[in-house]
Amino acid sequence: MLQVGQNIPDSLAPDQFGKERRLYGLLGAKGGVIYFYPKDNTPGCTLEAQDFQAHGGDFQAMGYAIVGISKDSVPSHEKFCAKYQLGFTLLSDQDGRLCEGFGVWQEKKNYGKTYMGIVRATFVVDAHGLIQQVYPKVKTKGHAEQVLQDLRRRTTE
């Protein structure tokens, strides 16, 4: 998994509308909050997306864009955004280039079964794509609020 001080990969991926987007081009004036999640329309992923949406105005006011990334298809992302009125970009990483580049495509275990999947993780980056903070193995409840509090604390230091 990428760490603080490393640059994010500058890959292209389609957004929820099918438009090819460069990750660096999605960053806000101060940077971005890039979060990886396993699957659209699952309870934890929905909660996480709704929390980021609820705090979206605060992130935007601080100059940070929110970008969600999963391996779901463009149509799945489009429906997910419409259903929950998400106002930020979701990237479809069906080929896994971003997941692999960030190091979030990992072996997971669930009910004694081992498989490869996306480890829920969040990366806060500056406007140049340099990682400022990493949240590995995220628990969804209260996560967006924690990221926002940490960003506020960082800007006052």
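The legends below go with several close-up views of one predicted protein model.

Residues are numbered from 1 along each chain as its sequence is written, and because the model is predicted, local features need pLDDT of at least 70 and side-chain atom pairs count only at pLDDT 80 or more, while totals for chains, interfaces and linings use all residues. Side-chain values use heavy atoms, with hydrogens and water left out.

View 1. The protein has 5 helices and 9 strands, where helices (H or I, at least four residues) and strands (E, at least two) are DSSP runs numbered from the N terminus. Read from the N terminus on, the elements follow the order β-β-β-α-α-β-α-β-α-β-β-β-β-α. The radius of gyration, which is taken over C-alpha atoms, is 14 Å, close to the 15 Å that the globule rule gives for 157 residues, so the protein is as compact as a globular protein of that length; the rule itself is 2.2 Å times the number of residues to the power 0.38. Along its principal axes, the C-alpha trace spans about 45 × 30 × 30 Å.

**View 2. The surface and the contacts of the whole chain.** Of the 157 residues, 50% count as buried; buried means under 20% relative accessible area, exposed means over 50%, and partly exposed lies in between, with a 1.4 Å probe and protein chains only. The accessible surface comes to about 7900 Å², and 49% of this surface belongs to carbon and sulfur atoms; such areas come from the Shrake-Rupley method with a 1.4 Å probe, and for residues only the protein chains shown count as cover. Among contacts (heavy atoms within 4.5 Å) with a separation of 6 or more, residues 24 or more positions apart account for 63%.

**View 3. The largest nonpolar core.** In soluble globular proteins, nonpolar side chains tend to be buried together. A nonpolar core is here a set of buried Ala, Val, Leu, Ile, Met, Phe, Trp, Tyr and Cys residues joined through side-chain atoms within 4.5 Å. The largest such core holds 22 residues, of which Val-33, Tyr-35, Phe-52, Phe-59, Phe-88, Leu-90 and Leu-151 touch the most other members. Two or more residues of this core come from each of strand 3 (31-36), helix 1 (43-54), strand 4 (64-70), helix 3 (74-84) and helix 5 (143-156), and helix 5 gives the most, with 4 residues. Leaving out residues up to four places away in sequence, the contacts of Leu-90 include Tyr-35, Tyr-37, Phe-80 and Cys-81.

**View 4. Ala-13 and the second core.** A second, separate core of 21 residues includes Ala-13, Leu-23, Leu-98 and Phe-102. Ala-13 lies in strand 1 (residues 12-14) and is buried, with a relative accessible area of 2%. Although Ala-13 and Ser-92 are 79 residues apart along the chain, their C-alpha atoms are separated by 6.2 Å. Not counting residues up to four places away in sequence, Ala-13 touches Lys-19, Glu-20, Arg-21, Leu-91, Ser-92 and Leu-98.

View 5. Glu-48 is found in helix 1 and is buried, with a relative accessible area of 1%. Residues up to four places away in sequence aside, Glu-48 touches Tyr-35, Tyr-37, Arg-120, Thr-122, Val-138, Thr-140 and His-143. Thr-89 has its place in strand 5 and, at 16% relative accessibility, also counts as buried. With the residues up to four places away in sequence again left out, the contacts of Thr-89 include Asp-15, Arg-21, Leu-26 and Ile-66.

**View 6. Two loop residues with positive phi.** Gln-85 has a positive phi of about 50° although it is not a glycine, and this residue lies in the loop between helix 3 and strand 5 (89-92). Gln-85 is exposed, with a relative accessible area of 64%. Tyr-111, which is not a glycine either, has a positive phi of about 50° and is found in the loop between strand 6 (105-110) and strand 7 (113-118). Tyr-111 is exposed, with a relative accessible area of 81%.

**View 7. Gln-146 in helix 5.** Gln-146 lies in helix 5 and is partly exposed, with a relative accessible area of 33%. Leaving aside neighbours within four places in sequence, Gln-146 is in contact with Tyr-135 and Arg-153. Gln-146 and Gly-57 are 89 residues apart in sequence and 15 Å apart in space, C-alpha to C-alpha.
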